[in-house]
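I opened this entry to go through the model from the whole chain down to single side chains. My notes follow in the order I looked things up.

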Amino acid sequence: SLKILSWNCRGLGNSQTVQRLGEIHKLFSQDITFLTETKNSNDFVLCKCTSLDYPNSYLVPPTGHGAGGLALFWKQGLQIFYENKRFFATFIHADTNYVVRRQLWNELTALTLSRDAPWFVTGDFNDILNNQEKEGGRSRAEGSFVDFRSFMSECDLYDLPHTGDFLSWRGVWTEGVVRCRLDRAIANSHWFDIFHSGSVEYLKYEGSDHKPILTCFDLTRKKRKGLFRFDRRLKDNPEIQTLVDQTWKEAGTKSVQDKIALVRTAIIRWSKDQQRNSKVLIKKWKDELEQAMTKTSNDEALLNRINSDLKAAYLAEESFWKQRSRNLWLSLGDKNSGYFHAVTKGRRAKNILSVIENTEGTPMFTEKEITETIVDYFKSLFISVPGDRKQIVAEALTSKISPESNQQLINIPSGSEIHLALLAIHPDKAPGPDGFSAMC
């Protein structure tokens with residue numbers, strides 16, 4: 001796994017700060033360390049960080065006496081690649097002045113619009129997203145959050161899952177003690193697509209009024225067998241209708257479960273053979289339209305047919321992403337495929353389980369550790385303990401259901417009841433274990 005430490009250390013002239021930095025490195029052996037507000041010359045910073053044994057560094061001296069200073073250290077031969085895809089990382093110490101900070105957000109937004117790649121950002125942002133990321137002092141006006149929120153939204157950035165107290169900065173004002181989430185680690189949806197796990201641990205205060213934050217994620221991802229999900233674009237396809245009907249009839253007297261499994265296999269095989277990918281079809285019709293438009297002859301019938309096929313491919317793409325996003329309040333035909341795509345990526349990012357604590361409260365980050373923690377928990381939860389507790393249960397519970405009501409509840413449901421229950425399920429709700437949703 002790759003480990004990245006970011007810390008506003010508030011000056012390396014403090015021996016307690018240097019000691020804390022050494023303890024963190026000894027405990028986690030992070031691959032990258034980013035320090036802000038070093039408040040000393042480059043030579044002084046390198047001298048104080050000699051024990052970290054980093055062969056590579058990039059330092060920015062303070063802009064004035066006892067203010068600012070940045071230091072980035074990384075291990076020898078560190079490469080951040082996954083399946084030949086580049087990985088961008090940005091280390092931030094934003095200004096306390098909102099005007100200067102806004103300029104930084106604008107520059108970073110312009111930078112990310114010029115590239116389409118995984119992007120990870122960490123550091124001291126000197127801003128928060130809402131009043132829930134603040135404790136103590138006066139509540140901020142909603143308008144003061146616009147700049148940072150816009151930056152996060154326009155750059156498609158999400159907070160990484162975290163453990164520990166995320167109110168990372170502590171200050172004393174006239175209103176009393178104020179704590180805010182000024183430090184964080186964020187990434188865009190492309191990053192979540194490639195790196196399946198990533199989490200942040202907020203370490204304890206010591207040597208600074210900012211908490212160190214440690215980001216950990218695996219660079220290797222086990223290839224999982226994909227789950228079957230029926231593509232709603234195929235429900236009106238005559239070939240699929242014929243295939244399902246034929247497969248079901250050929251199954252004869254087999255059980256319904258076996259018939260569904262055979263239909264699923266047939267659809268998977270058909271999809272692979274036909275390669276029904278809307279993007280491929282869109283590209284195909286675009287290329288044909290370009291060829292038709294550049295011909296010297298004007299074939300209106302051909303152009304109309306190609307435009308019709310291209311429109312159908314766009315609608316199919318929008319239908320696909322609508323199902324993936326599970327947003328049921330928008331109808332098809334509104335040209336929202338980009339929105340549906342973004343919602344799907346956002347939901348995927350939020351659904352990632354990248355950190356979990358064991359029974360001792362120790363955070364686990366790697367896939368192996370998370371799996372073992374979950375297995376151990378359920379083993380201890382469902383372990384059998386010898387003893388007869390029937391009498392205790394009988395004394396503790398009071399019967400609330402009459403024999404007549406109980407008989408109605410345990411009766412086998414009729415065919416009409418099953419039919420009504422199926423019709424009540426929204427067609428776009430999440431599919432069942434067999435991969436088919438209610439619309440099928």
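These entries cover confidence, the cores, the salt bridges and a surface patch.

**Entry 1: the chain and its confidence**

I noted at the start that this is a predicted model. I looked up the confidence before anything else. The mean pLDDT of the protein chain is 82, and 82% of its residues reach 70 or more. Where pLDDT is low, the predicted coordinates should not be read in detail.

Next I took the totals. I found 14 helices and 18 strands in the protein chain. Of its 440 residues, 37% count as buried. The chain exposes about 26,700 Å², and carbon and sulfur atoms supply 54% of that area. I also checked contacts between residues at least 6 apart in sequence: 65% of them join residues at least 24 apart.

**Entry 2: the nonpolar cores**

I went to the largest nonpolar core, which has 19 residues. Which members touch the most others? They are Phe-120, Leu-160, Trp-191 and Phe-217. I then listed the elements that give two or more residues to this core: strands E1 (2-8), E2 (32-36), E14 (183-188), E15 (199-202) and E16 (213-217), plus helix H5 (189-194). H5 supplies the largest share, three residues.

There is also a second, separate core of 17 residues. Leu-12, Ile-24, Cys-49 and Leu-214 are among them.

I came back to Leu-160 for its neighbors. Leaving out residues up to four places away in sequence, its contacts include Phe-120, Trp-191, Phe-192, Val-200 and Thr-215.

**Entry 3: salt bridges**

I counted 17 salt bridges in the structure.

Glu-37 and Arg-10 meet through their side chains at 2.8 Å, N to O. Glu-37 sits in the loop between E2 and helix H2 (42-48), and Arg-10 in the loop between E1 and helix H1 (15-28). The two are 27 residues apart. Is Glu-37 buried or exposed? Glu-37 is buried, because its relative accessible area is 12%. Arg-10 is partly exposed at 36%.

Lys-211 and Asp-165 form another salt bridge, 3.6 Å from N to O. Lys-211 is in the loop between E15 and E16, and Asp-165 is in the loop between strands E11 (162-163) and E12 (169-173), so the pair ties together parts 46 residues apart in sequence. Lys-211 is buried at 7% relative accessible area. Asp-165 is partly exposed at 33%.

Asp-309 pairs with Arg-305, with the closest N and O atoms 3.4 Å apart. Why are these two separated by about one helical turn? The reason is that they lie four residues apart in helix H9 (residues 300-325). Asp-309 counts as partly exposed at 24% relative accessibility. Arg-305 is partly exposed too, at 40%.

I also noted a network: salt bridges with shared partners join Glu-133, Asp-159, Arg-181 and Arg-184.

**Entry 4: a surface patch**

Last, I looked at the surface. Ile-374, Tyr-377, Phe-378, Leu-381 and Phe-382 form a nonpolar patch there. Together they have about 520 Å² of accessible area. I checked Phe-378, which lies in helix H11 (residues 367-381). Phe-378 counts as partly exposed because its relative accessibility is 42%.

Notes. Residues are numbered from 1 along each chain as its sequence is written. This is a predicted model: local features need pLDDT of at least 70, side-chain atom pairs count only at pLDDT 80 or more; totals for chains, interfaces and linings use all residues. Side-chain values use heavy atoms; hydrogens and water are left out. Patches are made of residues with over 30% relative accessible area and no salt bridge: like charges are joined within 9 Å, nonpolar side chains (Val, Leu, Ile, Met, Phe, Trp, Tyr) within 5 Å. Accessible areas come from the Shrake-Rupley method with a 1.4 Å probe; for residues, only the protein chains shown count as cover. A salt bridge is a side-chain nitrogen of Lys or Arg within 4 Å of a carboxyl oxygen of Asp or Glu. Buried means under 20% relative accessible area, exposed over 50%, partly exposed in between (1.4 Å probe, protein chains only). A nonpolar core is a set of buried Ala, Val, Leu, Ile, Met, Phe, Trp, Tyr and Cys residues joined through side-chain atoms within 4.5 Å. Contact means heavy atoms within 4.5 Å. pLDDT is the predictor's confidence in each residue, from 0 to 100.
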